[in-house]
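These are my notebook entries on one structure, written down in the order in which I looked things up.

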Amino acid sequence: MSLANFVRTSLLLAGIFGIQQSAAQQSAESPLKEVQLGANSFAVESSVPSWVDLAPIPESEKPQPIVIRLADTQFLVDRVPVTFVRRATLVNDAASLTSAGRVSIPFAPEYERVELHFIRIHRGQEQLDRTKTSNVRFLQREQGLEGGVYTGRVTASILIEDLRVGDTLEIAYSTYGQNPVFGGKFFRITSWDQGLPTLRRRVVLNHPSARPIAWRMVGDRNTAAVTPKDSIQGDLHRLEFNEQPLPQIIGETLTPPDYFGFRLLQFSQFSNWNEVAIWANSLFEGKVAPDAELKAAVDRFRTLDSGERRIAAALEFVQSQIRYFSVSLGESSHRPASPNEVLRRRFGDCKDKSLLLITLLRELGIDSKPVLLQIGRHMGLEKTLPSPQFFDHAIVQAALNGKTFFLDPTRLGQRGLLDRMGQLHEGTEVLIISPLTKELSTISTRVEDVVNDELTEHGTLPKLGGEGQLEVKHVWNGLGAERLRILVERTSRDQLLRSIGDAMEHRYPGAKLFSEPTIQDDAVQNVFTIAANYTIPNFATEKDGNWFVTFRPDNMLNVLATSASASRATPLGLPVFPFHSKYSFEMTFPENVSVITDPRAQTFANQYFSAIVTDYFRGNIAKKAIDLATLRRAVDSENYSRYAEDLRSANKAIGGAFIINKIAIKSEDASAQVDFSHRLHDLRQELIKKTTETIGNGKLAGADLAETYCLRGIAYADLERHDEALQNASAGVRLNPNSPAPLACRAEVYFHSGQLENSIADYSKALSLGAVDTSTFRGRGVSKFMLGRFEEARDDLTKASELADKENKVYCDIWLAAAYGRLGKPLPESLVSWAAAEAHGEWPRAALAMLTGAITPAGLLNVLAEKNGDDHQMALSEAYFYLGEHYLAAGYKGLAQTSFEKARDQGVIIYTEHIAAGFELARLKAAATSASAVPPTGKKTTAP
């Protein structure tokens, strides 16, 4: 199942689980209503201001549906600032007439006035005036309680009459005024790139020479610099920016907000971030004495026994008892309401709630400050000029006992320990409001523990084709726990149970709950858990005698994304960051299923994500585990191809189903059943038969034919038909002499036959040809081990462990620990610590723990007692060999011999441990024959 391009939902709450955003982020579409304005708010057919310079409209022969012939913006910095806008747009097709024929001019009537100068249609040589005949309506969106925002902004919607294909629509208007909350400081942003073919873009800034205004072209694409024409006209300083034509920029989906893909021209009278902080501080620092209600709230919080509990209680009070609603008219767009008033009316927006929380905390003696940020944009403000213009959200910084916490009073569901709360704004550039602030800051907290999400599934199927059971447990931390907490609080129990019960229906039709789910909410640690058990009809599906059981890591869907094209010009934003999640699916099949696949872990890692995919299928137990973490917020465009390839490889490794080949299903006829060892022999005979047919059909050549010979050679080796094995392996080497793979294959065949020096030589040749990997170093190390060259074996096994994936490392370290034991040297402390930490993990970790002293030999056998069937027999084959090595290192030759014999008795002919146990027994027998009847002093033969 892919990690990307799926809607990310909770498996247990499919259909009703959605991301519970803070009210400051909600933007529900609401109906428009028509409003009436005063006569001074909007004037029609007013004259163009004298300071405006009207540029000629460039001619166009471009065939695109819409062409912007001229986009002109001019600013006058004055006591009442003015913005003049003029656009001339050519419409070349009928489908574009609808959008082109409606012009929208947004403004705030409370402090802005619009003068419409003219609307003209250029048709051939005609110029048609539509200024008075166009229909102007004033519309206002009522966002209501769901959106929680009322700004008072109005849109002048102008419907142009008689607009035809081939016409150029020209409109010019001026907007006077600025929100008084900014104290007369001038700042503006205007888009430079238009997103449509544009023949000329011009921006003019006129400002008094005594009022310096900084400018900056903000953009991340590699485009030609635009240098303004600088002139002085009387008392005005004039900057004129021109580019013609503009390069057409096509936006790409999933470009992160931090990336300025379309250039913006920014102006600001603020000279540094300290000036912005001082301005904002003046809004929040109004001295208002707390009234009786506010004091009573403080007194309640003061009774709590720690500063952290007081902060958490005050935060939860403001979050849950003060509903979000914003009336952002005039200065109230940025100036918060009095905390007494907010508490009395029980509603406020982000800045109102933030100031109330700050007031409560300061009354409790806790240092706190307001913080400004932009929702959705984490980085990128460092590329802009200092200005208040990008900020649209306020939160709180609180300091306690040397720790800093960033608290969002518009969120819900946050309780308990402060450092266990979810941090929606992690990694975001912010402006901390204080007269001492000099620069932007970045929210950086310890989030690893509170972004974890773990989904575990365990299925059991007594009979192929029958009904099975599935146990599901999903654990959320941080933001996930808070979202689930709010969802559960807002959902009736019947609806919740119905949703959980139906959650598996999309994956397994007919799935039903067979017991009531368990819901646990640890609000202190901010951990939310849901566990449910299902009956699954037709758990496995059959096709051509093969059986399949599907799985899906629902807690990882849509965490990573891909682009529609193979390359990108802009970064690719990852949908979720930071993120760390685990998924595991374990399936117990009927006893007549026997698959032989050793544990394997594949790691797919780059600078953007890390995915570890672990597979295990031995006997009738199958397991798939995935550990996924995002490492950065966006993929750089130049690295996208590598990222996409790693993602494809990870998705391929994840798969989406356990597959049981029909040859892995034992006959249910008791008379036809054979023991596990005989089944292995039969499977090897079947492999020899198939590879012989493949070689005989003459369709393979080169490396493919060499690989087939190698497969047949290994099968012969497992059956101890060593001459035939060596003939096939050597044929593979002859067919592909410059590849390390056939050499490694022949090295393994030599190992099977006991020709250890030849095995070492072939492994060494494979290394010289580039096979610098775990299997080659491990194979050579094991061969050296069996020759008693333990120092050399230790070196090779150390290298193999360093190169190994998660599961192969365990086996490498087991052999490495055995080598140290045979050398009589102490184990590396890092190996001992790691073995102890993993002692209770998946097999064969217990074997490593035994060899390093973390558990006893009896403890190792107790671990295996929990296994059954063929899985138990395979694990015993390994375990008894490792026990034999442990006893040899300790000097207990008798116990070692018994253990090696038991390893061989399991008959797992395909295992290295089976073969190595034979070598050790032969060595012990030879030593016993040549030794005297009385053991040398100090040499033990039995356990003490």
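Predicted model: local features only at pLDDT ≥ 70, side-chain atom pairs only at ≥ 80, totals over all residues.

Residues are numbered from 1 along each chain as its sequence is written, and side-chain values use heavy atoms, with hydrogens and water left out.

For Tyr643 I listed the contacts (heavy atoms within 4.5 Å), leaving aside residues up to four places away in sequence: Leu560, Ala561, Leu572, Leu574, Asn606, Tyr608, Phe609 and Val635.

Helices (H or I, at least four residues) and strands (E, at least two) are DSSP runs, numbered from the N terminus. Helix α18 covers residues 806-823, and its 18 residues reach 26 Å from the first C-alpha to the last, close to the 26 Å expected at 1.5 Å a residue; the expected span is 1.5 Å times one less than the number of residues. Among its buried residues (under 20% relative accessible area, with exposed over 50% and partly exposed in between, for a 1.4 Å probe and protein chains only) I noted Glu807, Asp813, Trp815 and Tyr820. At the start of α18, a side-chain oxygen of Asp805 comes to within 3.1 Å of the backbone nitrogen of Glu807, and just after the helix Gly824 has a positive phi of about 70°.

Entry 3, a sheet of three strands. I traced an open, antiparallel sheet in the order β12-β17-β14, where strands pair if DSSP finds at least two bridges between them. The edge strands β12 (187-191) and β14 (214-218) each have a single partner strand, so one side of each is left without a neighbour in the sheet. Between β14 and β17 (residues 264-268) I found 5 bridges in the antiparallel sense, and Ala214 stands opposite Ser268 in β17.

Ala337 sits in the loop between β19 (326-327) and α6 (339-345), and it counts as buried because its relative accessibility is 18%. Its C-alpha is 9.1 Å from that of Phe284, although the two are 53 residues apart along the chain.

I then looked up the cis peptide bonds. One joins Phe577 and Pro578, with omega about -5°, and Pro578 lies in the loop between β33 (572-573) and β34 (579-588). The bond from Trp843 to Pro844 is also cis, with omega near 15°.

Which values of phi do Asn538 and Asp544 take? Asn538, in the loop between β30 (527-536) and β31 (541-543), has a positive phi near 50° and counts as exposed at 52% relative accessibility. Asp544, in the loop between β31 and β32 (546-550), has a positive phi near 55° and counts as exposed at 59%.

Note on methods
Polar contact = N/O pair within 3.5 Å; in protein donor to acceptor, adjacent residues only side chain to side chain.
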